[in-house]
Amino acid sequence: TTTPRIGDILQKLAPFLKMYGEYVKNFDNAMELVKTWTERSPQFKFIIQDIQKEKVCGNLTLQHHMLEPVQRIPRYEMLLKDYLRKLPQDSLDWKDAERSLEIISTAASHSNSAIRKMENLKKLLEIYEMLGEEEDIVNPSNELIKQGQILKLAARNTSAQERYLFL
């Protein structure tokens, strides 16, 4: 009540939110691993179910708890925007809250960028498998721009041949 501010605190902690990008990048694989081991190992499934029954888990599954960090940055961003809308512009916390929002928005875009990169690598891996794994195209610097059917026109006789192009 003596110093009603949060912007200055968030401003100090917000740079650490960028690490959520790594978590988000590996989220799908982690969820798939939990699913796989729950199906494969009755002992693993039993342990997870046993832990989920504990009061501290709040009747939520492991998957729900794993989703929390993914939702955290967008939630902070949304709450801070709402806070700034309701905060008088002459408030002592205005500048710090505004700066915190900038930092959190940067962390959110960093997280979204990590998701896009992982999706791109997954697409490249699918194409690599479709091509019979002959050409190693799976590389973080490669990007799938477009794919689809084309007609290749022969220079000599104007005949058309159907092709599938990966750009």
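Tutor: Helices (DSSP H or I, at least four residues) and strands (DSSP E, at least two residues) are DSSP runs, numbered from the N terminus. The model is predicted: local features need pLDDT of at least 70 and side-chain atom pairs count only at pLDDT 80 or more, while totals for chains, interfaces and linings use all residues. Residues are numbered from 1 along each chain as its sequence is written, and side-chain values use heavy atoms, with hydrogens and water left out.

Student: In which helix do Glu102 and Arg99 both lie?

Tutor: Glu102 and Arg99 pair in a salt bridge (a side-chain nitrogen of Lys or Arg within 4 Å of a carboxyl oxygen of Asp or Glu), with their closest N and O atoms 3.0 Å apart. The two are three residues apart, about one turn of the helix. The helix they share, residues 94–130, is helix 6.

Student: What is the N to O distance in the salt bridge of Glu68 and Arg75?

Tutor: Glu68 is partly exposed, with a relative accessible area of 28%, and Arg75 is partly exposed at 33%. Their side chains meet in a salt bridge, N to O, at 3.4 Å.

Student: How many polar residues are in the contact of helix 3 with helix 5?

Tutor: Helix 3 (residues 27–40) packs on helix 5 (residues 62–86) at about 175 degrees with axes 11 Å apart, where axes are lines fitted to C-alpha atoms, for helices over the stretch in contact, and angles run from 0 to 180 degrees between N-to-C directions. The pair is therefore roughly antiparallel (over 145 degrees; under 35 is roughly parallel, 65 to 115 roughly perpendicular, the rest oblique). Contact (heavy atoms within 4.5 Å) is made by Phe27, Ala30, Met31 and Val34 of helix 3 and Leu62, Gln63, Met66, Leu67 and Val70 of helix 5. With Ala, Val, Leu, Ile, Met, Phe, Trp, Tyr, Cys and Pro taken as nonpolar, Asp, Glu, Lys and Arg as charged, and the others, Gly among them, as polar, the contact has eight nonpolar and no charged residues, and the polar count is one.

Student: How far apart are the C-alpha atoms of Leu62 and Gln52?

Tutor: Leu62 is in helix 5 and is partly exposed at 25% relative accessibility. Not counting residues up to four places away in sequence, Leu62 touches Val34, Ile48 and Gln52. Leu62 and Gln52 are ten residues apart along the chain, and their C-alpha separation is 6.9 Å.

Student: Which residue of strand 2 stands opposite Lys152?

Tutor: Strand 1 (residues 147–153) and strand 2 (residues 160–166) run antiparallel and are joined by seven bridges; pairing requires at least two DSSP bridges. They form a hairpin with six residues between them, and Thr158 in the turn has a positive phi of about 50 degrees. Opposite Lys152 stands Gln161.

Definitions and conventions
Buried means under 20% relative accessible area, exposed over 50%, partly exposed in between (1.4 Å probe, protein chains only).
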